[in-house]
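Q: Let us read a model together, one feature at a time. Please show the sequence and the structure before we start.

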Amino acid sequence: MSKLYLLRHAKAGWALPGVRDFDRPLDATGVADAEATGTAMRACGYVPELTLCSNARRARETLEGLAGHADTGRVVFTDDLYSADAAGYLDKIRENGRHGSILVIGHNPMMEDLAIAVSGDGEETALHTLHTGFPTSGLAVIRLEGALTGAELGRGYLEAFLTPADL
């Protein structure tokens, strides 16, 4: 049994002139939402062994807000999560699948695509919420049989889907 936590970065401000998309910071709402998500993770007992985090500024700042309120395990930053598609995200998870639980902090549409593709079944309310969109600071909690090295599409069970509206 393994756990996959998929977290879309918190709300970021629009890019200012001369600022690359990669370097967009969180806005005040995003900072508060990242902290609230960390508090919710702690309350629910969601503790990843490893966190894979996009190197984009808004993802790193989401991790900072989260880590002040929850255990995030060992952290690995990677540019791959900024530019990869959902299949690339799944490859990254499999590469690190020796860990029993992984938190991925990344971007949409990859997070939404991956969560839907991996979750073949799940808690009814969580599935419904996921299928209405994957908001910033949204957290999908997916249980899989076996190790994450063998994670397959449609084989996960969506246990929960938390959004800032829930926190």
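Q: Which residues does I142 touch, leaving out those up to four places away in sequence?
A: Contact means heavy atoms within 4.5 Å. Not counting residues up to four places away in sequence, I142 touches S2, K3, L4, L6, A115, V118, S119, G156, Y157 and L158. Before going further, note that this is a predicted model: local features need pLDDT of at least 70, side-chain atom pairs count only at pLDDT 80 or more, and totals for chains, interfaces and linings use all residues. Numbering starts from 1 along each chain as its sequence is written, and side-chain values use heavy atoms, with hydrogens and water left out.

Q: Which residues touch the most other members of the largest nonpolar core?
A: In soluble globular proteins, nonpolar side chains tend to be buried together. A nonpolar core is a set of buried Ala, Val, Leu, Ile, Met, Phe, Trp, Tyr and Cys residues joined through side-chain atoms within 4.5 Å. Buried means under 20% relative accessible area, exposed over 50%, and partly exposed in between (1.4 Å probe, protein chains only). Here the largest core has 28 residues, and L4, L6, V104 and I142 touch the most other members.

Q: Which elements each supply at least two residues of this core?
A: Helices (H or I, at least four residues) and strands (E, at least two) are DSSP runs, numbered from the N terminus. The strands are β1 (2-8), β2 (50-54), β4 (101-106), β6 (139-144) and β7 (156-162). The helices are α4 (86-95), α5 (110-118) and α6 (124-130). The largest share, 5 residues, comes from α5. Another core, of 16 residues, lies apart from this one; L7, Y46, A160 and L162 are among its members.

Q: How do I read the packing of α4 and α5?
A: Start with the axes, which are lines fitted to C-alpha atoms, for helices over the stretch in contact; angles run from 0 to 180 degrees between N-to-C directions. Angles under 35 degrees count as roughly parallel, over 145 as roughly antiparallel, 65 to 115 as roughly perpendicular and the rest as oblique. The axes of α4 and α5 come within 8 Å and cross at roughly 70°. The two helices, α4 and α5, are therefore roughly perpendicular to each other.

Q: Is the crossing of α4 and α5 left-handed or right-handed?
A: A crossing is left-handed if the near helix is turned anticlockwise from the far one by less than a right angle, and right-handed if clockwise. The crossing of α4 and α5 is right-handed.

Q: Which residues of α4 and α5 meet?
A: From α4 come A86, Y89, L90 and I93; from α5 come M110, M111, D113, L114 and V118. Sort them by class: Ala, Val, Leu, Ile, Met, Phe, Trp, Tyr, Cys and Pro count as nonpolar, Asp, Glu, Lys and Arg as charged, and the others, Gly among them, as polar. This contact of α4 with α5 has 8 nonpolar, no polar and 1 charged residues.

Q: How do α1 and α2 pack?
A: The axes of α1 and α2 are 7 Å apart, at an angle of about 45°. Therefore α1 and α2 are oblique to each other. The crossing is right-handed. In α1, A34, E35, T37, G38 and M41 meet T62, G65 and L66 of α2. By class, the contact of α1 with α2 divides into 3 nonpolar, 4 polar and 1 charged residues.

Q: Is T62 buried or exposed?
A: Check accessibility, then partners. T62 lies in helix α2 (residues 57-67). With 1% relative accessibility, T62 counts as buried. Beyond residues up to four places away in sequence, T62 touches L7, H9, A10, L26, A34 and I105.

Q: Which elements do the buried residues of α2 pack against?
A: Those residues are R58, A59, E61, T62, L63, G65 and L66. They pack against β1, α1 (28-44), β2, β3 (74-78), α3 (80-83) and β4.
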